[in-house]
Amino acid sequence: MSQKSVQFTVKGKVQQVGFRFHTAHTALKLGLTGYARNQNDGSVEVLACGEESKVNELEEWLHTGPQLARVESVEKIDTQWQELFDFKMY
């Protein structure tokens, strides 16, 4: 079971549509840790840490997001492993 940490930047209509809440809910269901944080440019930054296959599942979900969102792009950067203990919203 391979562990990884990935930072995503999700662009589009992703603020004021419950994107962070739904991302946190989905990540927790998958057993991931990390955070979802609004950015000043209107994007949402997501850090996902956990089992590689579960991070990949979250990545797939991020391309659609919750019902009211309109995702235009998802950028992905593999980062150094971070051992976190929860998934937070900022």
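These legends accompany close-up views of a predicted model. Local features need pLDDT of at least 70 and side-chain atom pairs count only at pLDDT 80 or more, while totals for chains, interfaces and linings use all residues. Residues are numbered from 1 along each chain as its sequence is written, and side-chain values use heavy atoms, with hydrogens and water left out.

View 1. Let's start with the five strands, which form an open sheet in the order β4-β1-β3-β2-β5 with mixed pairing. Strands here are DSSP runs of E with at least two residues, helices are runs of H or I with at least four residues, and both are numbered from the N terminus. Two strands pair if DSSP finds at least two bridges between them. Because β4 (70-79) and β5 (87-89) each have a single partner strand, one side of each is left without a neighbour in the sheet.

**View 2. Strands β1 and β3 side by side.** Strand β1 (residues 3-13) runs antiparallel to strand β3 (residues 44-51), and eight bridges join them. To find your place, look for F8, whose bridge partner in β3 is V46.

**View 3. Two helices on the sheet.** Helix α1 (residues 19-29) lies across β1, β2 (33-38), β3, β4 and β5, and runs at about 175 degrees to β5. Such angles run from 0 to 180 degrees between N-to-C directions, with axes fitted to C-alpha atoms, for helices over the stretch in contact. Contact means heavy atoms within 4.5 Å. Helix α2 (residues 52-62) packs on the sheet too, touching β1, β3 and β4.

View 4. T9 counts as buried at 17% relative accessibility; buried means under 20% relative accessible area, exposed over 50%, and partly exposed in between (1.4 Å probe, protein chains only). Leaving aside residues up to four places away in sequence, T9 touches S43, V44, S73, V74 and E75.

View 5. The whole structure holds two aromatic pairs. Rings of Phe, Tyr and Trp (its six-membered ring) pair if their centres lie within 6.5 Å; planes under 30 degrees apart count as stacked, over 60 as edge-to-face and the rest as tilted. F19 and W61 form a tilted pair, 5.8 Å centre to centre with 45 degrees between the planes. F19 lies in helix α1 and W61 in helix α2, so the pair ties together parts 42 residues apart in sequence.

View 6. Y35 is buried at 13% relative accessibility, whereas Y90 is partly exposed at 48%.
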